[in-house]
Structures are given as structure tokens and as C-alpha cells.
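Hello,

Here is the structure I promised to pass on to you. Please open it next to this email, and then read on for what I found.

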Amino acid sequence: MNITASTSDYSLLLPQGQIKQLVEQWMQDDHPSFDVGGLVVGNSVKAARLLLKSPGVFAGKPFFEAIFEQLNCRIEWQPEAIEGKYNNASGSNKICLAIIKGPVNNLLRGERTALNTLSRCSGVATASRAARQAAGNWMGWIAGTRKTTPGFRIVEKYGLLVGGVATHRLDLSQMVMLKDNHIWSAGSITSAVQLARQATGFSQKIEVECQSLEEAVEASIAGADIVMLDNFEPKQLKKDAKILKERFPHVLIEASGGITTATLPQYLSENVDIISQGMLTQG
């Protein structure tokens, strides 16, 4: 499916209770004791501007809002502050995204945490947009991975969506991913898939990471919903994906392993359904 960065309000997906807890943790991490700088500036009401100074996709608005809401500050978003929109900003072409008003000590207390969060989310969204564009009119899914920053996962997964790609599984509980260590412990791909299916029933998909066509065939016969062809060279990937699709048309095929935005076009194939990139959340 060819999806692009859109005007969808992805903030509606977010668990508000979890966001509040995350913000509290972030603020506690940055302000565990005295804030001498806050004493120096006082608490008179001032206004600050949020300026975009480099090109990229804007993302992370709900996290920015949650941080300053906790600090009793008010945000006035400007018309240019549209999540998913690419802005061609620069040092000489700064774009004002918001005006934040509140006690000056609280403005400065939230500044760095808010900017770090917004920058990280926007960076993921920008990289995601570039990957989606590199795929051109290919009808498969570009996806992130579970290689996210501990404590920051929801921010990075949100950035993937805003940038126009799929999140892949959100956590260990959402989808079963059987890798080499699982298979080694279970004794075989077939045993691992069968045991996983007993636990998941019909409600979860099972994916198996495969290093060869033979492993992918075994996984498909055992009942895997998705096979990942891991670290395949583009030519071999396309050859094996074609064989698999002809024999198991219902099985989704994912390509992964060292695929960059620059090399991504080499992996595009009508027989590949998903291309996942850990680098989208590892910059």
C-alpha cells in the first residue's frame, strides 16, 4: 500500500495517561533538584517563539503540548505548524511554528525537554518521508522496526506514522517475531511456529526471520503469516520472493537487514510486501 505523510490526526491514537506519565518522567530526569536558573529569571509571564531552522517534516506536536501543559504554559500554534508537512526552513528562512506563553521559569524549565522531543520526532518523520519517496510508486509497505529508544518508543513510532510509513509491531506483545534464538531453543522453525500458534490462536500474526529460501518454505508450511528474508542481496531476494509468492500467495514477505534509503530501490519487487528499516529510528 502506497501511503504518504497525510493530514490524519494521529494524536487521536495516543494513550493520554501514558503520555502524562512519560512527561512526568522526562521532567523529573531533567529537573531532579534545585533549578537555580529558574530562581534567577523569576516567574513573570513572558512569551517565547518556537522556530524551525532546518528543512524537514514537522512532528511531535502532542508531546510538546503535554510538556508545557504540565508547566501551566499556553501554546498558540501558528498556521505553518502542520504535522506531516515538509518545511523548507533554514537559518536565513526561519519559520515560527508556535508562541508559548507562561511563567518565564517554567518556559525555560520545559524548553530543552520539549525541543529534544520535537526534534527527535521530526527527525524520524523526515527520514520516514525520504524512505517512502525513495520507494516511488511501489505498492508495498515501508516500515520501521522495534529498534527504538527505551522510554521514547511512542514518540518514535508516532514519528514513523507522521512521516508516512508503517510502525511495524509496537512491542513484544503485539505480534510474534520468531528469530534464530527462538528457533534454536525450540529445536526447529516448525516447532517454534506451532508452539507460538497454540498461544496466539487466531488473534495474532506470526513472523519468522529466515536466512534462506529453505527456512522460508519451512516457516510458510508451518503456518507463519509473514516471513522475513533477512540480509538477502537484492538479486537473491527477488528470486526467492518470487518462488515463495508463487507457492504461498497468502504469506507476506518482508525484506530487512542493512537496507538504507539509498539502497532501498534495489529491493523493490512486486513479490515483496514489506521493507523494514531500523535506521529510521536510529539516527
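In which sense do strand E7 and strand E8 pair, and over how many bridges? Before the answer, please keep in mind that this is a predicted model.

E7 (residues 176-178) pairs with E8 in the parallel sense, over three bridges.

Are the residues of E8 buried or exposed? Strand E8 spans residues 206-210, and five of its five residues are buried. In a regular strand, side chains alternate between the two faces of the sheet. For E8, both faces are covered: one side carries Ile206, Val208 and Cys210, the other Glu207 and Glu209, and all of these are buried.

Now to another part of the model. There is an open sheet of three strands with the order E1-E5-E3 and antiparallel pairing. Strand E1 (45-52) and strand E3 (74-77) are its edge strands, each pairing on one side only. On average, and with direction ignored, neighbouring strands of this sheet are turned by 20° against each other. E3 and strand E5 (residues 95-103) run antiparallel and are joined by four bridges, and Ile75 stands opposite Ile100 in E5.

Helices pack on this sheet too. H3 lies across E1, E3 and E5, and runs at about 150° to E3. Helix H4 (residues 104-134) touches E1 and E5, and its direction makes about 145° with that of E5.

H3 has a helix partner as well. Two packed helices are described by the angle between their axes and the distance between the axes. Helix H1 (residues 16-30) packs with helix H3 (residues 61-70) at an angle of about 65°, and their axes are 10 Å apart. The two helices are therefore roughly perpendicular to each other, and H1 passes H3 in a right-handed crossing. On the H1 side, the contact involves Ile19, Lys20, Val23, Glu24, Trp26 and Met27, which meet Phe63, Ala66, Ile67 and Gln70 in H3. By class, this contact has seven nonpolar, one polar and two charged residues.

Enjoy exploring it!

Best wishes

Note on methods: Residues are numbered from 1 along each chain as its sequence is written. This is a predicted model: local features need pLDDT of at least 70, side-chain atom pairs count only at pLDDT 80 or more; totals for chains, interfaces and linings use all residues. Side-chain values use heavy atoms; hydrogens and water are left out. Axes are lines fitted to C-alpha atoms, for helices over the stretch in contact, and angles run from 0 to 180 degrees between N-to-C directions. Angles under 35 degrees count as roughly parallel, over 145 as roughly antiparallel, 65 to 115 as roughly perpendicular and the rest as oblique. A crossing is left-handed if the near helix is turned anticlockwise from the far one by less than a right angle, and right-handed if clockwise. Contact means heavy atoms within 4.5 Å. Ala, Val, Leu, Ile, Met, Phe, Trp, Tyr, Cys and Pro count as nonpolar, Asp, Glu, Lys and Arg as charged, and the others, Gly among them, as polar. Two strands pair if DSSP finds at least two bridges between them. Buried means under 20% relative accessible area, exposed over 50%, partly exposed in between (1.4 Å probe, protein chains only).
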